[in-house]
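Subject: Structure handover

Hi,

Here is the structure I promised to pass on. Please open it alongside this email, and then read my notes below.

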Amino acid sequence: MAKKFFCPLLLLLLLPESFSADNPTDRRLLILVDDLTIRSSHSLFFKSLESRGYSLEFRLADDPKISLQRYGHYLYDGLVIFSPSVQRFGGSLDQAAVLDFVDAGHDLILAADSSASDLIRGIASDSGVDFDEDAEAVVIDHVSYAVSETDGEHTLIAADDFIQSDVILGEKRIEAPVLFRGIGHSVNPSNTLALKVLSASPSAYSASPRAKLSSPSLTGSTIALVSVVQARNNARMLITGSLDLFTNRFLRSSVWKAGSSNKYEKSGNEQFVTEISKWVFHERGHLKAVNMTHHFVGEKTEPAVYRINDDLEYSIEIYEWSGTSWKPYVADDVQVQFYMMSPYVLKTLSTNLMGLYSTSFKVPDVYGVFQFKVEYQRLGYTSLSLSKQIPVRPYRHNEYERFIPAAFPYYGASFSTMAGFFIFTIVYLYNK
Amino acid sequence: MAKSSSTDAVTLIRSLRSAYAATPTNLKIIDLYVVFAIATALIQVVYMGIVGSFPFNSFLSGLLSCVGTAVLAVCLRIQVNKENKEFKDLAPERAFADFVLCNLVLHLVIMNFLG
Amino acid sequence: MASPPDLKSGATLRNAFGGVLALFIIFLIGVLAFSIRLFSVIKYESVIHEFDPYFNYRVTQFLTKNGIYEFWNWFDDRTWYPLGRVIGGTVYPGLTLTAGTMWWILNSLNIPLSVKTVCVFTAPIFSAAAAWATYLLTKEVRGTGAGLTAAILLAIVPSYMSRSVAGSYDNEAVAIFALIFTFFLYIKTLNTGSLFYATLNALSYFYMVCSWGGYTFIINLIPMHVLLCIVMGRYSSRLYIAYAPLVVFGTLLAALVPVVGFNAVMTSEHFASFLVFIIIHVVAFVSFIRGILSPKMFKVAITLVLTVGIAVCVGAIAILVALVASSPTKGWSGRSLSLLDPTYASKYIPIIASVSEHQPPTWPSYFMDINVLAFLVPAGIIACFLPLSDASSFVVLYLVTSVYFSGVMVRLMLVLAPAACIMSGIALSEAFDVLTQSVKLQLTKLLETPPNAGDTKDGSSTVQSDVVEEDNKMIDNKTEFVKERPSKKSRKKDKEIVEKTRSKSRNQKRLMILPLEASSVAILLIVVLISLYVIHCVWAAAEAYSAPSIVLTSRSQDGLHVFDDFREAYSWLRHNTEVDDKVASWWDYGYQTTAMANRTVIVDNNTWNNTHIATVGTAMSSPEKPAWEIFNSLDVKYVLVVFGGLVGYPSDDINKFLWMVRIGGGVFPHIKEPDYLRDGQYRIDAQATPTMLNSLMYKLSYYRFVETDGKGFDRVRKTEIGKKHFKLSHFEEVFTTHHWMVRIYKLKPPKNRMKEKLKKPKMTSKPLSGTRRDESAKRNPWQ
């Protein structure tokens with residue numbers, strides 16, 4: 001199996017980041033499982049991945065030969081951890097290695113369940129997602145549970161409190177509730193990187209169904225069922241407390257949310273996991289900004305320095321990855337700052353619908369080292385943060401106005417004294 | 001008091017005039033030149049008071065060219081004045097050459113500063 | 001003395017010989033001035049010294065590369081990030097232009113010297129020129145003998161040497177020459193009344209304005225002298241010729257220098273000259289009227305003229321006062337104000353007070369810098385008063401004012417040095433005159449040899465047994481009073497002997513005869529004194545003032561240690577960081593960083609923006625996280641601190657820390673100095689305040705310091721540090737030099753993932769391997 005990756009490895013040598021700027025989703029996934037039956041019990045999810053062009057490699061989580069990287073290069077572009085109960089990874093893999101993998105710009109899907117080990121919890125909490133610390137606790141909802149014959153404890157939940165984002169969950173609305181069974185987690189609202197994609201209903205709480213209920217630590221809609229994290233380097237993570245969410249059984253199951261008149265033939269799980277995996281693996285919402293240029297109005301070449309009060313044109317191209325190719329990104333809220341300690345100019349860029357955003361403005365009457373800054377952060381999209389430094393100089397000595405009408409009398413005076421000097425010289429010498 | 005001072009003033013002016021009438025012609029020429037320069041300077045100051053001091057460098061150079069001219073002419077007058085004992089060793093030609101040199105430097109600087 | 005015809009032939013010959021000899025001596029003085037300043041090159045290497053010279057060097061490089069117009073319009077974006085600095089408009093270009101011109105001339109003569117070499121040797125060359133200028137000035141005041149003595153003294157005076165050793169490529173190096181030369185030309189104009197010299201004087205003043213901010217000293221001192229002359233009733237037409245054109249030309253030319261510009265007419269520093277300009281015109285007019293009127297009429301006239309004149313003066317003063325009052329800071333710059341009121345800076349402007357060379361000097365520094373001259377100066381003053389001329393009164397005035405200024409600011413000791421040298425030169429020369437004459441006359445009497453023999457003996461240049469009268473009449477024979485002055489040492493003679501004054505001088509000489517023994521002993525003592533001075537100067541040149549401060553040495557029992565940490569650090573920056581990276585450090589190291597490491601700095605030694613410096617000071621005084629935020633907002637990538645605790649280098653950042661706190665606190669009030677003080681002291685030992693121990697400067701200085709000796713003993717503060725084991729959360733150490741003198745830290749990027757727990761009273765399930773990432777964030781008491 002490993003040999004198979006040597007050829008891509010050569011390619012990889014050229015690309016320090018796992019996803020290249022040109023092709024963010026060309027990738028190989030490593031799937032760690034507790035036991036290989038998951039391969040068949042979750043086959044629908046894996047098939048959908050394979051059908052979208054991913055090559056999957058399954059390993060037991062405690063396989064001693066697991067290695068994420070070789071010779072300093074990562075062998076995989078994404079990691080799927082479907083092994084909630086593993087206490088220790090095999091091989092060189094450990095919690096730090098997984099996090100380093102993410103910090104190197106790779107994506108991660110982490111699914112836990114009620115048997116989640118400290119290792120799994122640690123990875124999640126280091127990403128800003130905290131599973132309920134009570135090891136016994138699962139999410140229970142006595143109101144919006146999914147009606148089923150087997151579950152009397154209402155731990156099978158029909159959740160439909162999705163995040164409102166076409167980018168993350170696709171344009172097509174997910175009609176049916178998503179079946180969820182597992183542990184809940186919380187996300188600090190001040191954490192700007194983590195997002196709750198699927199939240200529990202206000203009536204949910206997280207507690208052990210067997211133990212006596214005593215003030216659960218997590219209640220209501222603060223409980224996140226599925227969260228995504230987009231790290232600052234745009235690596236994406238999906239963290240959920242339910243491995244069952246991805247099972248064939250849940251994907252195929254019908255769902256009838258308690259108290260609801262609608263009974264859906266098919267749960268929303270399949271659509272949900274497919275769409276969100278598209279997002280996690282950068283098939284959607286991945287922007288790139290290229291060709292940031294600026295020049296004087298009417299010129300083409302980029303100057304090394306501007307003068308105060310120059311007129312300039314600024315343009316940038318922004319594209320979105322569609323899964324197969326870069327498409328122009330269209331929005332009306334992209335702004336550029338002309339920045340020196342604070343923005344002196346803030347302009348909304350206008351787009352030509354072909355990905356090119358441009359504007360023109362006058363350099364302020366302040367000299368210094370400025371930056372063209374584009375800070376574009378939108379929900380679900382990778383954040384764009386570009387800056388380009390450009391000095392702005394004051395006028396040169398010969399760029400000031402030369403002959404000022406108000407000064408003509410002074411010119412006249414100066415020249416008249418000069419003339420006077422000549423006349424005086426002549427008269428004086430002649431007189432003598 | 002007023003009367004005596006006015007008569008004094010009259011006699012003073014008269015004696016001034018008579019004293020000045022004795023001045024050699026070349027000194028008179030210099031005096032004329034000084035008066036011309038000072039008049040130009042005053043005109044400029046008045047003009048500056050009217051329109052404001054915006055092209056300040058032009059104003060400065062204009063004014064200082066006049067003042068400089070006047071000062072240099074006064075220096076020349078001091079040097080070539082026959083009655084002035086301090087400079088009896090200095091030949092008038094030498095004094096005038098110095099004067100021309102100074103003026104050249106002055107006007108060079110003025111031209112530099114004017115724009 | 002010989003009979004007149006005898007003397008005449010002998011004297012002419014001797015004078016011709018003496019002239020040549022004097023020229024030769026002047027040349028030798030130049031060589032001496034140049035070569036005594038080469039100790040630094042010999043002991044260390046040909047390297048630019050200290051801080052400011054690095055900036056000048058960088059500017060010169062730019063000038064030689066890009067030419068004068070580019071230099072004039074240079075907007076430097078590598079310093080004061082992100083504000084930038086308009087170099088062309090804020091720098092005194094004299095030094096740079098001088099060195100650039102020298103380099104250009106040498107290169108066009110196909111002498112390919114590097115810019116650096118030219119820069120290193122600019123200062124010694126100009127100190128030789130300064131010695132010559134001193135000669136000219138003193139000669140103008142008191143004749144050749146005094147001139148030569150003063151020139152020798154100046155050539156080796158330690159105060160001036162401290163600023164002009166090879167490699168000390170600073171404005172003062174050329175400015176002192178310009179200063180003395182301007183004074184010389186002023187005196188020359190005053191003595192001759194020639195417009196030609198007046199023009200030269202103005203041009204020399206222009207050069208001074210180009211070179212150094214100290215030109216205000218000239219433009220205030222000369223009016224003071226003019227006023228003094230007028231008050232003393234010494235007004236003459238020559239005074240008018242010396243002064244009036246200087247003001248007009250000087251103002252115009254000064255306004256041509258971009259850094260001065262309209263300041264030449266707008267600020268109070270220059271108003272004195274305009275005021276005196278008006279006064280001298282009034283006085284000139286009065287004396288003109290007096291000239292053409294009879295005394296009786298003049299009395300009438302004077303009442304009228306005075307009323308008019310006073311009215312004009314009052315009007316002018318009112319206008320001036322109005323102008324001054326309307327201009328900001330009352331027209332005075334902070335540095336000038338601190339000159340007038342020595343406590344001003346420490347009260348209001350910590351940034352000026354923080355510079356060590358702006359502090360008032362201590363008494364030992366007087367002895368160090370001018371040595372025995374301090375004792376000779378009073379004698380020189382007395383000599384100047386007998387007889388008092390315009391020129392000698394000027395020198396006295398110069399001395400008095402410069403003594404005051406040097407008492408306010410150590411740096412201005414430099415201005416005092418030439419004055420002290422001139423005074424001492426005059427004093428020594430007078431003393432030698434009197435004493436050698438006594439010896440000579442006594443000897444002739446004793447030996448009963450005919451005077452001719454004495455003369456021939458003198459001719460063979462036996463030491464100190466010559467009597468030559470010298471008439472110091474100016475060559476162009478103005479109305480300068482006639483002075484007789486016997487020359488000082490046997491080697492110095494004058495060109496001209498005027499017979500008619502001889503008998504008079506002989507009488508005078510008789511009066512000054514001292515007993516032979518006393519004079520011999522006195523001569524001996526003076527020689528010893530001079531030798532002491534020379535020894536001190538050579539010592540100062542070799543030991544005290546030659547250290548380039550960029551390379552340090554220390555001597556211990558196991559030999560010489562060289563600390564080359566600064567250059568090590570700068571070259572690390574140069575080779576290991578990106579070209580556009582920004583480096584933050586305290587402003588002292590700004591010039592060096594831009595010049596040697598070629599990296600953008602936030603603040604530098606041109607302390608023009610107090611707020612910006614205060615920002616850096618605040619960052620250094622803040623705990624890690626706020627400091628990180630401040631630096632990050634300024635796009636800083638690296639932070640450089642200088643730490644002397646390991647090797648005992650006292651001028652490190654911890655010792656400068658109080659200024660960071662003070663300057664930072666002056667702008668950002670949340671930095672409070674008392675937070676850093678324990679019992680009124682900055683302490684870094686176990687007694688230190690928590691604020692101090694948490695400040696970035698403490699942490700960056702002492703990070704991992706305990707690993708060196710296990711105790712964390714700071715050799716500068718002679719104490720063990722207060723907090724020994726700590727970690728950095730927002731900075732990482734990237735480079736520490738061999739002797740730990742320079743430490744460079746990099747700002748950590750923001751964490752890739754945020755992990756803040758919702759509400760976590762208990763830490764039990766905190767994952768182990770994750771601890772290193774957020775440890776200090778939790779431990780930081782500031783959060």
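Predicted model: local features only at pLDDT ≥ 70, side-chain atom pairs only at ≥ 80, totals over all residues.

**Chain B against chain A**

I started with the contact between these two chains. On the chain B side, 33 residues are in contact with 22 residues of chain A. Together the two chains bury about 2,400 Å². Carbon and sulfur atoms account for 78% of that area. Three residues stand out: B:I29, B:Y47 and B:F96 supply 23% of the area that chain B buries against chain A, more than any other three residues.

What about charge? Between chain B and chain A there are 0 salt bridges. Polar contact is limited to 1 residue pair, with both residues at pLDDT 80 or more.

Which helices of chain B supply the side that touches chain A? Helix 2 (25-51), helix 3 (56-80) and helix 4 (92-114) each supply at least two residues. Helix 2 of chain B gives the most, with 11 residues. By class, this side of chain B has 19 nonpolar, 13 polar and 1 charged residues.

**Annotated segments**

UniProt, in an unreviewed entry, places "transmembrane region" at residues 32-50, 56-76 and 96-114 of chain B. In the model, residues 32-50 of chain B are 100% helix and 0% strand. The end C-alpha atoms of that stretch are 27 Å apart. Residues 56-76 of chain B are also 100% helix and 0% strand, with the end C-alpha atoms 29 Å apart.

**A sheet in chain C**

Chain C holds an open sheet of 5 strands. The strand order is 6-5-7-13-12, and the pairing is mixed. Which strands stand at the edges? They are strand 6 (600-601) and strand 12 (731-736) of chain C. Each has a single partner strand, so one side of each is left without a neighbour in the sheet.

The parallel part includes strand 5 (residues 582-584) and strand 7 (residues 636-642) of chain C, joined by 3 bridges. There, C:A584 stands opposite C:V639.

At the other end, strand 12 and strand 13 (residues 742-747) of chain C pair in the antiparallel sense over 5 bridges. C:E733 has C:Y745 in strand 13 as its bridge partner. These two strands of chain C form a hairpin with 5 residues between them. In the turn, C:W740 has a positive phi of about 60 degrees.

**A sheet in chain A**

Chain A also has an open sheet of 5 strands with mixed pairing. Its order is 21-29-28-24-25. Strand 21 (306-307) and strand 25 (342-348) of chain A are the edge strands, and each pairs on one side only. Strand 21 runs parallel to strand 29 (residues 384-393) of chain A, and 2 bridges join them. One of the paired positions is A:Y306, whose bridge partner in strand 29 is A:V392.

A:M341 is not a glycine, yet it has a positive phi of about 70 degrees.

**Salt bridges**

Over all chains, the count comes to 41 salt bridges. One of them joins the side chains of A:R181 and A:D244, at 3.7 Å from N to O. A:R181 lies in the loop between strand 11 (178-180) and strand 12 (185-187) of chain A. A:D244 lies in the loop between strand 17 (236-240) and helix 7 (248-252) of chain A. The pair therefore ties together parts that are 63 residues apart in sequence.

**A cis peptide bond**

One last item, back in chain C. The peptide bond from C:Y81 to C:P82 is cis, with omega near -5 degrees. C:P82 sits in the loop between strand 1 (75-76) and strand 2 (85-86) of chain C.

Best wishes

Key:
Residues numbered from 1 in each chain as written. Chains lettered and ligands numbered in written order. Heavy atoms only, no water. Pairing = 2+ DSSP bridges. Helix = DSSP H or I, 4+ residues; strand = E, 2+ residues; numbered from the N terminus. UniProt positions renumbered as here; feature names shortened; annotations may be inferred. Contact = heavy atoms within 4.5 Å. Buried area = accessible area lost by both parts, 1.4 Å probe. Salt bridge = Lys/Arg side-chain N within 4 Å of Asp/Glu carboxyl O. Polar contact = N/O pair within 3.5 Å; in protein donor to acceptor, adjacent residues only side chain to side chain. Nonpolar A, V, L, I, M, F, W, Y, C, P; charged D, E, K, R; others polar.
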